[in-house]
Amino acid sequence: MSDYLLCGWRVRSELPLPELLSWTGDERAPEIHIREGAIPETLPDLVHSTPLLQIAADGTCRFALRRVGAYLVRRGCEVLVQPVVDQDAPKLRTFLFGTVFGLLCYQRGLLPLHASCVRIGEGAVAFAGASGVGKSTLAAAFLKRGHDILADDITVVDVDRPGGPVVLPAFPRLKLWQDAMAVFDIDQSGVVPVRPELKKYAVPVEARFQATPLPLVAVYHLDTVRDPR
């Protein structure tokens, strides 16, 4: 059992979460608990059901991938994980920090954007778009030019803050393809693939991580251009 920092929350986890910073804050009780345990095949009182996602009337969510595991998210403060793979397998955390994290944010009344986010001046700028469009690569380019990272893949926005929307810093890492790492001359020794079958890696950026919230000043939607003319 270890405590970690995520979006300003104290997260207590039975699973190892090496992508997160260790908790070094005050003695508050953990806001988020991540535990390992059995998860039912079907939730009661379903209001939504697909092969991957179930949502119950009370807001409890079940997300499952046959070759990874099942996740149960409830009350915006608890995540139960039933792994099929090893407890420390990177792809178990890939989906924990992706879809499951997004569900947790919705339950907490926050807006999760499918976006990377960097600090520019005193504000946060998010780059949103479909998977593979280059969000993390663009964030890495800004990092190379001296801008700090607030989030990658999922950018968490608190839209109810006085003064306007604020980005809560999430993960001190970028998920980059091997060719992008080569372009930016990033040391590839010791980096962990996000999934064994992909040449995509979790690249730590702790030294350039913006750990305090910043106002969201812009969101850019990225898209591919089929015809550059």
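## A question to start

Does Arg 12 count as buried, exposed or partly exposed, and at what relative accessibility? In this predicted model, Arg 12 counts as partly exposed because its relative accessibility is 27%, and partly exposed residues fall between under 20% for buried and over 50% for exposed.

## Charged pairs around Asp 3

Let's look at a partner of Arg 12. Its side chain meets that of Asp 3 in a salt bridge, with N to O at 2.8 Å. Asp 3 has a relative accessibility of 16%, so Asp 3 counts as buried. The side chain of Asp 3 also meets that of Arg 10 in a salt bridge, at 2.7 Å from N to O. Arg 10 and Asp 3 are both buried.

## Other salt bridges

The structure holds 14 salt bridges. One of them joins Asp 152 and Arg 173, whose closest N and O atoms are 3.8 Å apart. Asp 152 sits in the loop between S13 and strand S14, while Arg 173 belongs to strand S16, so this pair ties together parts 21 residues apart in sequence. Both Asp 152 and Arg 173 are buried.

Now for the strands. An open sheet with mixed pairing is formed by 7 strands, in the order S10-S14-S15-S19-S12-S11-S13. Strands S10 and S13 stand at the edges with a single partner strand each, so one side of each has no neighbour in the sheet. From one strand to the next, the twist averages 40°.

Strands S11 and S12 run antiparallel and are joined by 6 bridges. Val 118 has Val 125 in S12 as its bridge partner. Helix H2 (residues 135-144) packs on the sheet, where it touches S11, S12 and S13, and its direction makes about 15° with that of S11.

Methods
Residues numbered from 1 in each chain as written. Predicted model: local features only at pLDDT ≥ 70, side-chain atom pairs only at ≥ 80, totals over all residues. Heavy atoms only, no water. Pairing = 2+ DSSP bridges. Helix = DSSP H or I, 4+ residues; strand = E, 2+ residues; numbered from the N terminus. Axes fitted to C-alpha atoms, helices over the stretch in contact; angles between N-to-C directions. Contact = heavy atoms within 4.5 Å. Salt bridge = Lys/Arg side-chain N within 4 Å of Asp/Glu carboxyl O. Buried < 20%, exposed > 50% of the residue type's maximum accessible area, 1.4 Å probe, protein only.
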